[in-house]
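Reader: Could we go through this structure together, beginning with the terms and then the details?

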Amino acid sequence: MEGYKKEFVDFMLDSNVLKFGDFTLKSGRKSPFFMNAGLYVTGTQLMKLGEYYAQAIHNTYGDDFDILFGPAYKGIPIGVATTIAFSKLYGKEVKYCSNRKEAKDHGDAGILLGSPIKDGDRIVVIEDVTTSGKSMEETIPIVKAQGDVTIVGLMVSLNRCERGKGDKGALDEIKDLYGFDTAAIVSMDEVVEYLVEKGYIDDELKSRIDAYYAEYGVRK
């Protein structure tokens with residue numbers, strides 16, 4: 001696993017964003033781990049988060065795109081931080097765009113926040129984590145409605161490596177449904193392997209994680 005991925009795992013733990021314990025997800029699944037990107041709250045945390053996203057996007061999709069689209073609400077600060085980081089790390093000026101939950105009918109009217117989207121734009125969508133793919137059902141129609149655009153791919157911070165609505169993982173389901181690539185900064189497989197090696201995950205926790213994936217996983 002690349003060095004920046006290991007650093008990102010440590011960063012999630014240090015920021016208290018990735019936790020291990022007993023959690024009930026929105027899906028109703030009982031999970032031994034939970035990731036909450038809403039807990040990146042300081043300037044330093046957001047700066048580092050943007051840099052990890054920028055590095056993963058650059059390594060995966062290159063820099064042939066125009067706009068980073070971060071769906072409301074958590075995608076908004078992630079999108080802003082990543083556009084700043086992309087400029088800093090790679091000298092590439094990309095624009096950020098997000099959606100509003102409700103369209104604004106005065107002043108800066110419309111459904112979008114940030115850069116407009118126009119015909120010919122190439123877009124990378126960024127999210128915190130995707131479990132069921134439901135957010136893409138809302139996001140992709142909004143983006144596509146703005147013009148004849150190309151969605152280069154989706155980047156999330158953590159691939160939970162579990163089934164979405166069917167038998168495939170959520171990221172694979174999104175790829176099959178919409179026809180663009182999907183990727184993550186790090187996968188839960190990589191997280192577990194790294195933290196077992198470090199001694200952070202003990203045998204009891206590892207057995208609970210294994211049991212969870214035996215029921216819900218699509219681990220490769």
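Author: Helices (H or I, at least four residues) and strands (E, at least two) are DSSP runs, numbered from the N terminus, and two strands pair if DSSP finds at least two bridges between them. This is a predicted model, in which local features need pLDDT of at least 70 and side-chain atom pairs pLDDT 80 or more, while totals for chains, interfaces and linings use all residues. Residues are numbered from 1 along each chain as its sequence is written, and side-chain values use heavy atoms, with hydrogens and water left out.

Reader: Which residue takes a positive phi in the hairpin of β1 and β2?

Author: Gly28 does, with phi near 95°, and the hairpin has 5 residues between the strands. Strand β1 (residues 18–24) pairs with strand β2 (residues 30–35) in the antiparallel sense over 5 bridges.

Reader: And what stands opposite Phe20?

Author: Phe33 in β2.

Reader: How many aromatic pairs does the structure hold?

Author: There are 13; rings of Phe, Tyr and Trp (its six-membered ring) pair if their centres lie within 6.5 Å, and planes under 30 degrees apart count as stacked, over 60 as edge-to-face and the rest as tilted. Phe33 and Tyr212 form an edge-to-face pair, at 5.9 Å centre to centre with 80° between the planes. That pair links distant parts of the chain, since Phe33 lies in strand β2 and Tyr212 in helix α7 (residues 203–216), 179 residues apart.
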